[in-house]
Amino acid sequence: MSDHGRIAVHEFEGSLVGSIQVELSERVMRAFRENLLEEIHRTGAESAIIDVSGLSVLDLHEFDFLRSTFRMASIMGCRSILVGLNPGIVAALIQLDADVEGLETALSVEHAIHALRPPPDASAEADDEDVEHGPPGEADEDSDAPATPAEHPFLAPRSGDDRSGDGNE
Amino acid sequence: MSNREHRIRITGDTDVAIAVMQARQQSTQIGFDASCSCRIATAVSELARNILKYADEGDIVLTAYAGQAHSGIEIRAEDRGPGIADVELALSDRFSTGRTLGLGLPGVRRLMDEFDINSQPGEGTRVRVRKWL
């Protein structure tokens with residue numbers, strides 16, 4: 001196979017963004033990892049958004065590779081967000097008992113960019129604490145809001161919250 | 001009743017990708033929804049990678065069942081590799097946490113409806129899984 005499988009990494013709104021749309025052969029994976037870490041080093045980027053919405057299947061081997069790549073990025077001070085996992089991939093990964101602990105995800109690149117923006121002001125943090133720690137049903141200005149941090153309405157809950165081992169639908 | 005069979009020889013990375021694509025295509029043709037097709041394809045990927053990792057080469061055989069009562073897909077993963085010394089241990093979830101050492105077989109079993117394995121040291125491994133519509 002040729003080098004057409006190169007995954008480009010661009011800078012966008014202060015983050016590095018890489019979109020994976022080709023098959024993850026060993027060579028492509030290694031080249032992608034090298035390229036990403038090189039770009040983090042070169043730009044000093046503090047966040048990287050990896051978009052896998054172009055993949056219809058992501059197996060454990062590929063997933064583990066992404067996770068270890070993210071660990072490498074974090075050692076370089078760069079936070080990684082995985083976006084674009086389709087429902088089939090998510091179901092399969094959970095049934096395969098993939099290690100999703102601590103993995104940051106979002107629905108799309110746009111959602112991730114939004115989540116990475118700093119909170120609007122300090123009072124938003126106070127609301128955030130109320131939403132997380134208040135007892136259920138307590139009257140609050142945000143009583144109808146779901147219990148996600150106020151400044152991250154689109155960031156998916158941390159994977160690892162819903163770990164049920166049975167894998168039944 | 002018609003059964004369509006596809007055999008894919010697994011000797012490298014590219015073959016894994018081909019088997020995965022074939023599995024997705026066949027699953028969709030049989031009538032599985034996107035989520036199930038993905039799961040079937042993921043199971044194929046896991047089994048094919050096992051073949052590469054432990055036996056260097058083997059076969060993935062995909063069979064589509066289109067019967068009146070039953071429609072579904074069967075995946076067989078066959079190799080003449082070293083075989084598994086303790087199949088029960090490999091099937092227990094203890095192996096799924098130390099995943100780098102394990103075969104991911106409990107996971108494959110969870111992805112599918114039926115699961116059979118036949119493996120002896122020195123005689124290779126044959127895994128057969130099925131998923132029904």
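Here is a friendly conversation about a predicted model with chains A and B.

Me: Let's start with chain A. What makes up its fold, read along the sequence?
Reply: Chain A has five helices and five strands. Their order is β-β-α-β-α-β-α-β-α-α. Of its 169 residues, 41% count as buried.

Me: Why is S15(A) called buried?
Reply: The cut-off for buried is under 20% relative accessible area. S15(A) has 2% relative accessibility, so S15(A) counts as buried. You can find S15(A) in strand β2 of chain A, residues 15-19.

Me: What surrounds S15(A), leaving aside its neighbours within four places in sequence?
Reply: S15(A) is in contact with H10(A), S47(A), I49(A), I113(A) and L116(A).

Me: What makes the pair S15(A) and S47(A) a polar contact?
Reply: A polar contact needs N or O atoms within 3.5 Å, one able to donate a hydrogen and the other to accept it. The side chains of S15(A) and S47(A) are joined at 2.5 Å, so the pair meets the distance cut-off.

Me: Good, now helix α2 of chain A. How do you know that its span is close to the expected one?
Reply: α2(A) has 16 residues, and at 1.5 Å a residue the expected span is 22 Å. From the first C-alpha of α2(A) to the last, the reach is 23 Å, close to that value.

Me: What caps the N-terminal end of α2(A)?
Reply: D59(A) does, with a side-chain oxygen 3.1 Å from the backbone nitrogen of H61(A). Just after the helix, G77(A) takes a positive phi of about 80 degrees.

Me: Which residues of α2(A) are buried, and what covers them?
Reply: Among the buried residues of α2(A) are L60(A), F63(A), L66(A), F70(A) and A73(A). The cover includes α1, β3, β4 and α3 of chain A, together with α2 of chain B.

Me: That brings us to chain B. What do chain A and chain B bury between them?
Reply: They bury about 1,900 Å², 53% of it on carbon and sulfur atoms. In chain A, V57(A), Q95(A) and L96(A) lose the most area to chain B, together 30% of what that side buries. The contact takes 26 residues from chain A and 21 residues from chain B.

Me: Why is the meeting of D59(A) and R49(B) called a salt bridge?
Reply: A salt bridge needs a side-chain nitrogen of Lys or Arg within 4 Å of a carboxyl oxygen of Asp or Glu. The side chains of D59(A) and R49(B) meet at 2.6 Å, N to O, so the pair qualifies. Both residues are buried. The count between chain A and chain B is two salt bridges, while the search over all chains finds 17.

Me: How do you know that R79(A) and E104(A) form a salt bridge?
Reply: Here the N to O distance is 2.9 Å, and the cut-off is 4 Å, so the pair counts. The pair links distant parts of the chain, 25 residues apart: R79(A) is in strand β4 and E104(A) is in the loop between α3 and β5.

How values were computed
Residues are numbered from 1 along each chain as its sequence is written. Chains are lettered from A and ligands numbered from 1 in the order in which they are written. This is a predicted model: local features need pLDDT of at least 70, side-chain atom pairs count only at pLDDT 80 or more; totals for chains, interfaces and linings use all residues. Side-chain values use heavy atoms; hydrogens and water are left out. Contact means heavy atoms within 4.5 Å. Buried area is the accessible area (1.4 Å probe) that two parts lose on being put together, summed over both. Helices (H or I, at least four residues) and strands (E, at least two) are DSSP runs, numbered from the N terminus. The expected span of a helix is 1.5 Å times one less than its number of residues. Buried means under 20% relative accessible area, exposed over 50%, partly exposed in between (1.4 Å probe, protein chains only).
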